[in-house]
4 protein chains.
Amino acid sequence: MLKLCRFLPSRNEQASNFLLGKATKIKDTFWLSAFSCQHGISTSGPDLVANAGNFSHRRFADYTIFKGKAALSVSPKLPSFCKVDSGSSRVDRKGVVMMTFWPAVGQRKYDWQKKQFFALSPTEVGSLISLGPDESCEFLHDPSMKSSLEGQVRKSLSVTPLGNSSGYFLNLTVVNTIQKTNERFSLPVTKAEFAVMRTALSYALPHIMGWDQVIRPQLPNIPRSTPKQQSDVLPDPDFEWGR
Amino acid sequence: MLKLCRFLPSRNEQASNFLLGKATKIKDTFWLSAFSCQHGISTSGPDLVANAGNFSHRRFADYTIFKGKAALSVSPKLPSFCKVDSGSSRVDRKGVVMMTFWPAVGQRKYDWQKKQFFALSPTEVGSLISLGPDESCEFLHDPSMKSSLEGQVRKSLSVTPLGNSSGYFLNLTVVNTIQKTNERFSLPVTKAEFAVMRTALSYALPHIMGWDQVIRPQLPNIPRSTPKQQSDVLPDPDFEWGR
Amino acid sequence: MLKLCRFLPSRNEQASNFLLGKATKIKDTFWLSAFSCQHGISTSGPDLVANAGNFSHRRFADYTIFKGKAALSVSPKLPSFCKVDSGSSRVDRKGVVMMTFWPAVGQRKYDWQKKQFFALSPTEVGSLISLGPDESCEFLHDPSMKSSLEGQVRKSLSVTPLGNSSGYFLNLTVVNTIQKTNERFSLPVTKAEFAVMRTALSYALPHIMGWDQVIRPQLPNIPRSTPKQQSDVLPDPDFEWGR
Amino acid sequence: MLKLCRFLPSRNEQASNFLLGKATKIKDTFWLSAFSCQHGISTSGPDLVANAGNFSHRRFADYTIFKGKAALSVSPKLPSFCKVDSGSSRVDRKGVVMMTFWPAVGQRKYDWQKKQFFALSPTEVGSLISLGPDESCEFLHDPSMKSSLEGQVRKSLSVTPLGNSSGYFLNLTVVNTIQKTNERFSLPVTKAEFAVMRTALSYALPHIMGWDQVIRPQLPNIPRSTPKQQSDVLPDPDFEWGR
C-alpha cells in the first residue's frame, strides 16, 4: 500500500516556519538561508545537495524597486515535492511569490537587517494579477495561526490605486504584540513596474502551483524530511480556512 | 507505407473510459489510479514505466478550493501520443483539464468517495478563459455518448456570474438515470480564484493540445496499446459533433 | 571571416516552395511530407534524422474544428536555423502558423484531398491575436510573388466578426488563374474556439520567431542545404515589401 | 563565508559598456560581437565556450520591421549569472530587450553601419506592454551616466499613438554633443506589429529578469570575469536612481 504525503501542509506546522522564518531573530546569514530553503535544501545538508543532482545549479533572481521610504523585492519560490511511489511525486509544500520589504534609512540607503517577508499564495497572486486599475485589495497573514503563538504577529498588505490608472500604493504593516513593534513599509509602484510584476507573477503562477512539473517532469526534488506516514491523501481544507 | 493512429479517438471508445473511469464503482485506490492513468501508464504495467524512462519522475499538482458545500480541484491531463514512423509521434488522445468536485459532509469535512469528474476539452477551456465578467456558459457531457449506454449519465457544468464582477458560481449536476441518482455540487469562485484558474488554464491549454511537444519534443510517451492499423489519417469529425 | 546565411530568405526562393508546396499537384503522401518538412528533414533523408539526434522524437499536434461547410486545422511550424560559426546558429527560414482548410462533401464528411494551406507570418499572427471583438482583418498572399508565376495563384483570408462578440467568420478564397479554379472555404469560429486559437497562437508566436531558442538553445537543427555563401548578413527588406 | 557578486551592477561600470558598446566606433564585426557578448562569452575566449557546454549551440533570432525611413530589430538579451557558492548562481548583469534602429538610404536600402542601439530594461518593457492604445511613453538614456562622459550622448525613445488605435510611432533620437551629431530614426508600427512586440516582450520579460532560471536551472553560464570580492550582497539602489 502506498503512503502519501499530505496534500497541503497545515500552515502552522511547516509553511509558517518557512515563510516567516526567524523573522524575530534576524541573523546576517538569513538572506542566504532563506534562498537555500526555497528548494527544500538546507545549507547544513550537503548530502541532500548531492542527491539533488543538477540542483546544485540553483539560480537566484528577483525584481527589485527602490523608492524614497522603502525597497521591495519580489521573487518566486517553487513548491517542494515528496515522493509517493516508484519515483512519482506530489506537491508537498506549495510555492509562493515572496515579497521582501526593507526600509530606507537615508538617501539611497536601505537597511536590509530590518526586512520583512510577505509570501503570496497562488490565490493572492491571482488577486494581484486581476486587479483592475481602480481596485484595491488587502491580505492579512498571521504566520503563527493555529499555534500557541496565534495573534502574536499580524501582517497586512494593502494595495490601493494611485489614481489616474498610474499605479498602486503598496503598504505592509507588521505588528508584533509581544515585542511591541509596529513596522510599516510604503512604496508607490508605477504602472510600468506593476506591469512587470503582473507579467512576472502570471508567468510564475503555474510554476509555484507545480503545474509545470505535471507537464514536464524535472529532476527529483528532495524533501527535507520523510513525509509523514499517514493514509490521509486528501487535500486539507484547513489550509484555506486557517488563513 | 505508414500506418497512422486516428487523429482523434472516438469519445466513447477510449476517452470516456478514461474520463469517467469507474465513477459508479469507486474504490479506495481510485485517486491514485486516476492519476496514474493520466500519463497513459496503468499501475498494472510496470514494464511501461520502465520503458518511459524519466517518466518515472511523474509529478502531480492541482489547484484546490474548499467552500461551504463542496470542494473543487483542477489539474491538467496531458495528451498521449502514438508512434507513427521512425520515432515520430502524433496526438492520440487529446488532453483535458480535469475538474474534480466532492461534497462537504460537515464543517470543513469533505467526502472524497463522492467525487465526480468533469473533463474540460480545449474548446471548453477556451470558453472559460474568455468568459466576460457578466457572462455565463454551460457544458453538457454524456460520457457514454454513442455507446449503448448513451443517455444513462448526464453531466452539466454551468458557470454564472456572482454579480459585481466578483467571481462566478460553479454548478455541476450529475444525473444517473439507471442508478436514479442526482448529484449536485455548487461552489462560489472568487474573482481571485478565477484569475488563478484563468492563468493556469491559459498556461495549460497549449500543453493539453500537445503544441508544446511540437515545439520541444520530449521523452517518448508509451501508448497503452498499439494504435489501430488503419489507413484513415484524417481528423475525426465525430469528436466535435458527438458532444 | 564568418559566412552567414541570409537573415530572411526571399519569399519566392525558399519559403513559398515550403508554404504552398505542390498545392496544385496534391499527392496522397502530401500530408506526411508537409509535416516532415516542418523540421527541415525530408522523409527521404534518414541520414539527417540520424544527425538530428532527439529530433527523431518529432511530435505532431494541431487544433481542428469541423463546421458545416469546411474544416480548419491550425498548427505551428517552427523556424529552421542555419549554422553560422562554432556551433552557433541563426534563423534561416521563419516559422509560421499553418492553417489548413478542407471542404465538407457531405454530412460529417470532408475531402482532405481538396485542402488548401494558408501560412500566417508572425505579423499576421499578431494581427489575429489583437483583433477586437468587432474588428476585421484580411491577408492577401501570392505564393509565387516575384517569380515568373506571380499573380497565378491568389489567396485571401478574411476574418470578420459574427456579431454580438460571438466569434468570427473565416473565409479563405484561392483563385488560380491558370487552372481557372476558384475555391472558397467558410467557417464560423465561436468565441470559445477563437479563444483557443488566440491563446495557442500567442503561445506559439515567440517560438515561430525563434525567441525560445535564443533563450534556451536546444538540439541542433539540420538545414536542408548548406546556407548560401554570401557576405550579406543584413535583414532582407524584400520580405516585408514583397507581400 | 560566502562571497557574493553585486546584485545589480552599477550601470556605468558594466552595463553601459555592454549596452552602448562602441557605438561611436562601429566596426564591421560589431553585429557579431554584440551577439557573442549577449551570453557573456567573448569571441576571444574559446576556452569559455568550451566550459559552457551546450552553450556552443547559441541561437540568434529577432523581430525586424522595415519602413520607409528606417528599420527596427528587436531581440532579447539574457542576463548573465555569477557563481556564488557550491554551484549556485545569481543574476550578475540584468538582461534587456535590445532594439536596433538603422536608417533607410534609398528605396528598400538600409545602412546597417549607421545603426543605433536602445536597450530596454525590465521596467521599460513593462511600460511598453502595458501601454494603452491612446497612451504615450518616453525613455531617456545616458549610456555614460555617472562617468566622466556623462551627458556626452543622450538617447531618447518616444512611443506615441498613431491614432484610431492603429498602432504607434517610434522615434529614437541620439544626440552626441562631442561628435556634434544628431541622429533620428522614425518608424510607424502597426497595431499588428505592436501586438507581436507586446507578446514577444511579455514572453521575454521573465527570461531577461532571470526568473526562468530560478524555476528551471540550466547549464552554467560563465561570467566574463570573476565577480568582485565584496561582502555587499544587497540590491544596489544606484541602478534605478542613476537613470
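Two strands are taken to pair if DSSP finds at least two bridges between them, and the helices (H or I, at least four residues) and strands (E, at least two) are themselves DSSP runs, numbered from the N terminus. On this basis, S2(D) and S3(D) form a hairpin with three residues between them. The structure is a predicted model, in which local features need pLDDT of at least 70 and side-chain atom pairs count only at pLDDT 80 or more, whereas totals for chains, interfaces and linings use all residues. Residues are numbered from 1 along each chain as its sequence is written, chains are lettered from A and ligands numbered from 1 in the order in which they are written, and side-chain values use heavy atoms, with hydrogens and water left out.

Burial is expressed as relative accessible area (buried under 20%, exposed over 50%, partly exposed in between; 1.4 Å probe, protein chains only). Eight of the eight residues of strand S3 (residues 70-77) of chain D are buried, so the strand is largely enclosed by the rest of the structure. Both of its faces are covered, with Ala70(D), Leu72(D), Val74(D) and Pro76(D) buried on one side and Ala71(D), Ser73(D), Ser75(D) and Lys77(D) buried on the other. Helix H4 (residues 122-129) of chain D is likewise largely enclosed by the rest of the structure, because eight of its eight residues are buried; among them are Pro122(D), Glu124(D) and Ile129(D).

In chain A, four strands form an open sheet in the order S9-S10-S11-S12, with antiparallel pairing. Strands S9 (137-141) and S12 (181-190) of chain A stand at the edges, each with a single partner strand, so one side of each is left without a neighbour in the sheet. From one strand to the next the twist averages 10°; axes are lines fitted to C-alpha atoms, for helices over the stretch in contact, and angles run from 0 to 180 degrees between N-to-C directions. S11(A) and S12(A) pair over ten bridges, and Val175(A) has Asn182(A) as its bridge partner in S12(A). Helix H5 (residues 191-208) of chain A packs on the sheet, touching S11 and S12 of chain A, and its direction makes about 100° with that of S12(A); contact here means heavy atoms within 4.5 Å. Helix H4 (residues 122-129) of chain A lies across S9 and strand S10 (153-161) of chain A, running at about 160° to S9(A).

Within this sheet, Asn171(A) lies in strand S11 (residues 167-176) and is buried, with a relative accessible area of 11%. Its side chain makes a polar contact with the side chain of Ser186(A) (3.4 Å), a polar contact being a pair of N or O atoms within 3.5 Å, of which, within protein, one must be able to donate a hydrogen and the other to accept it, while residues adjacent in sequence count only if both atoms are side-chain atoms. Not counting residues up to four places away in sequence, Asn171(A) touches residues including Leu157(A), Arg184(A) and Phe185(A).

In chain B, Leu157(B) is found in strand S10 and is buried, with a relative accessible area of 0%. Leu157(B) and Leu120(B) are 37 residues apart in sequence and 9.9 Å apart in space, C-alpha to C-alpha; Leu120(B) is one of the residues that Leu157(B) touches, which also include Met99(B), Phe118(B) and Asn171(B).

Elements of chains B and C also come together. Three strands form an open sheet of mixed pairing in the order S4(B)-S5(B)-S1(C), in which strand S5 (residues 88-93) of chain B and S1(C) run parallel and are joined by two bridges, with Phe60(C) as the bridge partner of Arg90(B). The axes of helix H5 (residues 191-208) of chain B and helix H5 (residues 191-208) of chain C come within 9 Å and cross at roughly 80°, which makes the two helices roughly perpendicular (65 to 115 degrees; angles under 35 degrees count as roughly parallel, over 145 as roughly antiparallel and the rest as oblique). This contact is made by Ser202(B), Leu205(B), Pro206(B) and His207(B) of H5(B) and by Val196(C), Thr199(C) and Tyr203(C) of H5(C).
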